Every structure is written in structure tokens, then in C-alpha cells.
Amino acid sequence: MDLISKVRNRERLNQQEGEALYDLDLYTLGELADEIRREKYGNKSYFNINRHLNPTNVCADVCKFCAYSASRKNPNQYTLSHEQILQIVEGSVRNGAKEVHIVSAHHPEVGVDWYMGAFAKIREHFPDIHIKAMTAAEVDFLARHYGHSYDEILDMMIESGVDSMPGGGAEIFDEGVRDYLCKGKVTSNQWIEIHRKWHERGRESNATMLFGHVESRAHRIDHMLRLRTLQDATGGFNAFIPLVYQRDNNFLRVENFPSGQEILKTYAISRILLDNIPHIKAYWVTASINLALIAQEFGADDLDGTIEKESIQSAAGAASAKGMNLDDFVAMIKNSGFTPVERDSLYHELKVY
Ligand code: V47
């Protein structure tokens, strides 16, 4: 059976077939992904009202693509106190945020209690806010550096009030590319093990893929298929988030950046291959808002959120430092022909605009 018929019959594709999807023309691929997206969600596009918070940029690891951590290129170190973190969350809650998305660098001195204490304080003062915190890279770092098992760190997170885990730190699972990008950080198998353990605790998480740097199409497909295998076992992933590499202020030399077509194809292929991960998120921060809006027609059903302040990708050149105004966001989704639906962090619908 040919590839297009296989997709239309909702049959599972393997590595080779996944790679072959890239050879289809953009419109055919978009149509196939859009059929699946509309079957699941019709005209709805999801977003949430959230706040990104990055409590420290002091990092023991060196990832070549990172412009956020304090380094030779960014000598301005900071580490927020719990009081400062609480003040920020208080302001965001006042502005309507229902989720705080907390990702830190790998601080070698503050101790596990600084991380967990921040979550516990937020939980104590704001019992209703959803805390999405700690990438698997942070879990691995805290475990290794401070002498704990993954189980201990994950249980501490739950005791401290963390609700779900973000998808960061996945980068590209291929071991060769990963060694080149971020040797010494959480390995691919460890990233998968940590999410498996989190899901086994009845908790949900997301998964990212950083692409558009030195990886090949085959590496992207391999990355998606490793996630599909874990999802078959646990069902704990809510969303897959392809992150488009941002090039400024870092140590990764890249010759060829992906075209808009290549980015849209990657969204569409993820929708087709990841038949068991419900949501494909076009993270407007790295796709740019215009391409993210178009990605809604290429399989994506989620645009992340208003964010309020963004530090990781904006350090590398993305136009996201100040987040997105809610009214503008809603108007843009409407003008692009979709129905904006505000969701909570676990994708329950809160408001249809
Ligand atoms: O893992 C770092 C990426 C990630 C760059 O779970 C870069 O809902 C592009 O994981 N260009 C952290 N990306 C952010 C993240 C995330 C974002 C939004 C939503 C969710 C979610 C998770 O940022 C890291 C890394 O892959 N990153 N540097 C860069 N130069």
C-alpha cells in the first residue's frame, strides 16, 4: 500500500516511512495532517494563560545551543530568592495566570531544598495555580549532583506541589548528535526513564524536540518514534512540542537553518507519526507567531500560552521576551480561521472564544 493510503487508513508508520513523509510535497502533507487534526479537534485551537518563570541561570552544564545560562557570552548571573519568586507568582496570578511553568538552570550550590522550597511556597500561597516544573534534565542533575535517586527527586516534587512536568531537555535523542550538543547532560535513555517514572506516578508531562540545527530528518523521526514507544507504555504525554532552534548568543555553529516549509513539514509529520500523543503544540516563541498560526493548518492544535515573560529562547533571538497579550492572541487565532479555546494545563476546556 502506498504511503498516503497508509496515513489515510490511520496505519502506523515506521522509521523509513516517517522519513519518506518528508519527500511528499508540503500541501499533500499538510492536508493529511489537517485531516487528523480536524478529526480530533475540529476548528479548535488551544492555549492557556500562563507565566514562564526561570528562577536561576547559573548552570553546571554546558549546552552549545543555550544562550540563557550564565557563561562567557552572558556573564550576568542571577538566582531568585523564594520571596522574589513568590512576588512574581503573585503578580501573575493577579493578571489571570492559571499555570506557572518553572524551568531553572542546573545550579551546583543552592541545594535541592532551594528548588523544592520554591514549589512548596508557591503551593502554600496559591493553592489553585498549576505548577508545571522541572525538566527531566533538572531531575537528572539534582539526583546526580546532590546524591539522590530519580524516585526520591520525583517524590519530593510531588510532596512540594508540582503538578506536571514540562517537556524540556529532550533536545535530540540520537546519541551522536546529543553528545555533540550537550555531552554530560541527561542522556536520552535517562530522559525517557524519568518521564516513565513520572507517568507511573499517575502524573502527566510534555515532550519537546529541538530541531533545525545539526540534526538530520532521520534523527527527528527517530526522536518521535522513541517518544511514541514510551507513550504506548504509559500514556502520560499530553503534548509534543517541536522547538525551532534559535541561533543568537550561543556556541553552536549552524550552516543551514530550516526553511518555513521544513518547519511546517516537521509539525505535520509529528501529527501523523505520533498517533498516541493527543496534542501537537506550535510553540509560537520559536516558530514565530505567524508561522505558528499557519502551523494550525499543518497538524498543530495548540499554541502554548500568553507566557508573560520568556527568557530562554528570547536570549537566543526569539521575539518572546514580553509574552503575548491575551486579546491580541485571541484575535490572531480567530483571524487565522480557528476557534480559540482557553484550556487548563491538562487540556480541560475553560472558555471557548
Ligand atoms: O530543552 C534552549 C530549548 C527548552 C534554545 O512543556 C532552545 O509545555 C531554541 O522545554 N533555541 C526549554 N530552543 C523550553 C521547554 C518548553 C517550552 C515551552 C513549553 C514547554 C512545555 C516546554 O528550550 C530546552 C531547549 O531545548 N532551548 N536553547 C535555542 N537556542
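Let me begin with Arg 226, which is partly exposed at a relative accessible area of 21%, where buried means under 20% relative accessible area, exposed over 50%, and partly exposed in between, with a 1.4 Å probe and protein chains only. Please keep in mind that this is a predicted model, in which local features need pLDDT of at least 70 and side-chain atom pairs count only at pLDDT 80 or more, while totals for chains, interfaces and linings use all residues. Residues are numbered from 1 along each chain as its sequence is written, and side-chain values use heavy atoms, with hydrogens and water left out.

The side chain of Arg 226 meets that of Glu 175 in a salt bridge, 3.1 Å from N to O, a salt bridge being a side-chain nitrogen of Lys or Arg within 4 Å of a carboxyl oxygen of Asp or Glu. This pair links distant parts of the chain, with Glu 175 in helix H8 and Arg 226 in helix H10, 51 residues apart; helices here are DSSP runs (H or I, at least four residues) and strands are runs of E of at least two, numbered from the N terminus. Glu 175 is also partly exposed, at 38% relative accessibility.

How many salt bridges does the structure hold? The structure holds 28 salt bridges, and one of them joins Arg 271 to Asp 301, with the closest N and O atoms 2.6 Å apart. Arg 271 lies in helix H11, whereas Asp 301 sits in the loop between helix H13 and strand S8, and both residues are buried.

Helix H11 also contains Ser 270, which is buried with a relative accessible area of 0%.
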